[in-house]
Amino acid sequence: MPWYSEEQIEEVRSRSDIVSVIGRYVRLKRTGSGYTGLCPFHNEKTPSFHVNPARQMYKCFGCGVGGNVLTFVMEYENLTFPEAMEMLAEQAGIDLPKQEMTAQQKQQEGIRLTLLEINKKAARYYFALLKSPRGKVGYDYLTGRGLTDETILHFGLGFAGQGGGELYQYLKKEGYSDQILKETGLFKMDERGVYDKFWNRVMFPIMDVNNRVIGFGGRVMGDGSPKYLNSKETKLFDKSRNLYGLNFARSSRKKEIILCEGYMDVISMHQAGFTNAVAALGTAFTSGHGTLLKRYTENVILSFDSDEAGQRAILRAIPILKEAGLTVRVLDLTPYKDPDEFIKGLGAQALEERIRKAMSSFMFQVKV
């Protein structure tokens with residue numbers, strides 16, 4: 001069976017507009033920010049089939065089917081995944097060299113898919129705990145920061161309990177071995193036993209551009225240390241090749257991507273309507289991040305903290321982004337420290353004006 005790399009799959013998906021593709025099969029009508037039509041997978045008289053161009057996803061609220069442009073073509077045309085890839089690649093004018101999967105690649109792919117499955121279940125576990133009485137401290141923190149239930153659900157935010165091995169016990173009951181659970185990076189395993197790595201933390205699922213959970217970030221409740229803790233790098237999670245929020249920002253239809261410092265900045269900006277915000281994952285900005293951004297935009301606006309550390313980070317990021325071929329501007333957040341505080345203090349309209357007046361990277365360097 002032909003095998004395609006993640007980069008090939010993402011290129012086909014990103015260059016195949018879901019509204020255009022589905023529009024060849026279904027008569028779609030613009031409704032608000034999306035499109036509706038009669039579901040092609042079951043008989044209905046009232047449209048319950050929705051296409052979301054921002055997320056490049058479809059969902060029928062009548063029969064429950066949903067997915068992305070590849071799953072739609074597979075279902076509608078009764079094609080295998082490789083056949084759907086070939087069809088969409090041809091339509092998009094993409095050269096798609098075929099590679100056969102070796103036995104070792106098949107084994108590694110099996111491990112990778114199992115890790116994705118475990119991460120998805122862990123994210124659901126954390127979300128359920130956040131909404132339970134035991135997650136009240138985490139829920140109160142998020143709502144106290146101004147987040148709505150809709151935003152909490154949109155980003156899949158959750159809560160890790162008060163310690164021990166609750167998540168471990170849950171996943172063991174789901175039938176996973178210690179060997180595969182060790183690969184997730186979610187647990188500490190030593191001679192004393194097995195413990196959940198994340199506890200007493202608000203949890204931020206980290207997703208790849210295909211909306212699959214590949215890791216987690218956790219913000220401690222109270223004065224614990226470290227304040228923010230990220231998943232270690234695994235077969236799924238490479239900090240230098242992923243950006244928080246890019247799964248949403250890549251299809252925001254705005255002409256630039258706004259690069260922030262942290263999870264809460266990204267979430268606050270998305271809630272305020274700036275759905276083109278992303279952040280690096282607790283690591284220094286790298287050339288890999290620059291290359292990744294170049295796939296989705298020509299323009300980047302840096303929105304780092306206005307303190308000295310944030311300004312130094314901007315100076316380090318500018319040459320990396322320019323080397324990747326991107327036009328770079330810098331957002332002035334004064335008198336506030338970060339985008340979250342700015343939005344709370346002056347509002348989204350004021351931030352929109354600041355974005356329009358963002359300074360060129362050259363002028364920022366001269367100013368500093």
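This is a predicted model: local features need pLDDT of at least 70, side-chain atom pairs count only at pLDDT 80 or more; totals for chains, interfaces and linings use all residues.
**The whole chain**

Now zoom out. The chain has 16 helices and 18 strands, and its C-alpha trace spans about 55 × 55 × 45 Å along the principal axes. How does the radius of gyration of the chain relate to that of a compact globule? For 368 residues, a compact globule would come out near 21 Å, and the chain has 22 Å, so the two agree.

**Strands side by side**

Next, pick out an open sheet of 5 strands, which pair antiparallel in the order S2-S3-S4-S5-S6. Strand S2 (29-31) and strand S6 (66-67) are its edges, since each of them pairs on one side only. Further in, S4 and S5 run antiparallel, joined by 4 bridges. You can find Phe49 standing opposite Cys60 in S5.

Another pair to look at is S9 and S10, also antiparallel and joined by 4 bridges. These two strands form a hairpin, with 2 residues between them. Here Lys188 stands opposite Tyr195 in S10.

Here are the two pairs set out together:

| Strand | Partner strand | Bridges |
|---|---|---|
| S4 (residues 49-52) | S5 (residues 57-60) | 4 bridges |
| S9 (residues 187-190) | S10 (residues 193-196) | 4 bridges |

While you're looking at strands, here's a handy general point: in a regular strand, side chains alternate between the two faces of the sheet.

**One residue up close**

Finally, go to Glu10, which lies in helix H1 (residues 6-14). Is Glu10 buried or exposed? Its relative accessibility is 2%, and because buried means under 20%, Glu10 counts as buried. Which residues does Glu10 touch, leaving out those up to four places away in sequence? They are Val209, Asn210, Arg250, Arg295 and Tyr296.

Note on methods. Residues are numbered from 1 along each chain as its sequence is written. Side-chain values use heavy atoms; hydrogens and water are left out. The radius of gyration is taken over C-alpha atoms; the globule rule is 2.2 Å times the number of residues to the power 0.38. Two strands pair if DSSP finds at least two bridges between them. Buried means under 20% relative accessible area, exposed over 50%, partly exposed in between (1.4 Å probe, protein chains only). Contact means heavy atoms within 4.5 Å.
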